[in-house]
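Thanks for coming. I have one structure to go through, so please look at the sequence and the model before I start.

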Amino acid sequence: LVSRDNHPERSTVRVGGVPIGPETVTLIAGPCAVETPQQTLQAALMAKAAGATLLRGGAYKPRTSPYAFQGLGEAGLRILADVREETGLPVVTEVVDAHDVDLVASYADMLQIGTRNAQNFALLQAVGGVGKPVMLKRGMNATIEEWLMAAEYIAQRGNLDIVLCERGIRTFETATRNTLDVSAVPVAQRLSHLPVIIDPSHSGGKRDLVLPLTRAAIAVGADGVIIDVHPHPEQALCDGPQALVDGDLEELARVMAQFPPLL
Ligand code: PEP
């Protein structure tokens, strides 16, 4: 279903009216995690100032340590809905448990499947049945074939509004959080009609890598990028070191201005 063999035209997925597809490079930005209403609104305004047309933000945070901040849950979803109201930016947010899919879908414009759940087949099937677009991150240890088969689980439930997101894979390299596999973009676009975007924040894991990796994403033909921003990353409850700050926005806006959003 996701193969390009039977569907030679590349697809565009619309999220609350915002297209992600071959016509432009869509900027999705926002906080890694929803922490407070003020922080989320500030981050959303930063995202918008840089040219973002979709807001990201995690209310459910899958963390390596069970002692780390796990997200605000439904209270976080309510904050995202309020910030959407205030900014007009449709919301992309992660769902980590099949039991929460209906709840998250009732607030979100797009459901995100994170790298750790990329082969959670029950969750993939559940998001496939709920009628909202899905962003499927590549499993950190997944081959491109495994990633596309994960997308197939969603598509089998009747949902072809799927965006693939390359977010870096595990390699022997420790200088970056993950190794961004830029070749995954043209490979996946050749094999599948689905849009393919890049997450330069979770791949590099460091603020000063985000803009260079964003340029790489655009150069390789990605259909979008998803970027963490934070008004006060030194106080962030999650992934502060990779969040762009106010001083980075002008350059991000310049990079994105080559690809004005098609609304
Ligand atoms: C995220 O985007 O918030 C996230 C946790 O990303 P990943 O699943 O790629 O680690």
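I begin with one residue. R157 is partly exposed, because 14 other C-beta atoms lie within 10 Å. The cut-offs are these: 20 or more other C-beta atoms within 10 Å of a residue's own make it buried, 12 or fewer make it exposed, and in between it is partly exposed, with C-beta atoms placed from the backbone.

Before going on, the source. This is a predicted model, where local features need pLDDT of at least 70, side-chain atom pairs count only at pLDDT 80 or more, and totals for chains, interfaces and linings use all residues. Residues are numbered from 1 along each chain as its sequence is written.

Back to R157, which sits in the loop between α5 (144-156) and β8 (162-166). Helices are DSSP runs of H or I with at least four residues, strands are runs of E with at least two, and both are numbered from the N terminus. What does R157 touch, leaving out residues up to four places away in sequence? It touches Q125, G128 and G129, where contact means C-beta atoms, placed from the backbone, within 7 Å. V127 is 30 residues apart from R157 along the chain, and their C-alpha atoms are separated by 8.5 Å.

Now the fold. The protein has nine helices and ten strands. Its radius of gyration is 16 Å, close to the 18 Å that the globule rule gives for 263 residues, so the protein is as compact as a globular protein of that length. That radius is taken over C-alpha atoms, and the rule is 2.2 Å times the number of residues to the power 0.38. Of the 263 residues, 51% count as buried.

Eight strands close into a barrel, in the order β3-β4-β5-β6-β7-β8-β9-β10, with parallel pairing; two strands pair if DSSP finds at least two bridges between them. One of the pairs is β5 (residues 91-94) with β6 (residues 110-113), parallel over three bridges. Within it, T93 has L111 of β6 as its bridge partner. Helix α1 (residues 37-49) packs on the sheet, where it touches β3 (26-30) and β4 (54-56), and its direction makes about 155° with that of β3. Axes are lines fitted to C-alpha atoms, for helices over the stretch in contact, and angles run from 0 to 180 degrees between N-to-C directions.

Last, the ligand. The residues around the ligand include C32, E94, K137, R167, D199 and H202, counted when the C-beta atom, placed from the backbone, lies within 6 Å.

Key: Contact = placed C-beta atoms within 7 Å.
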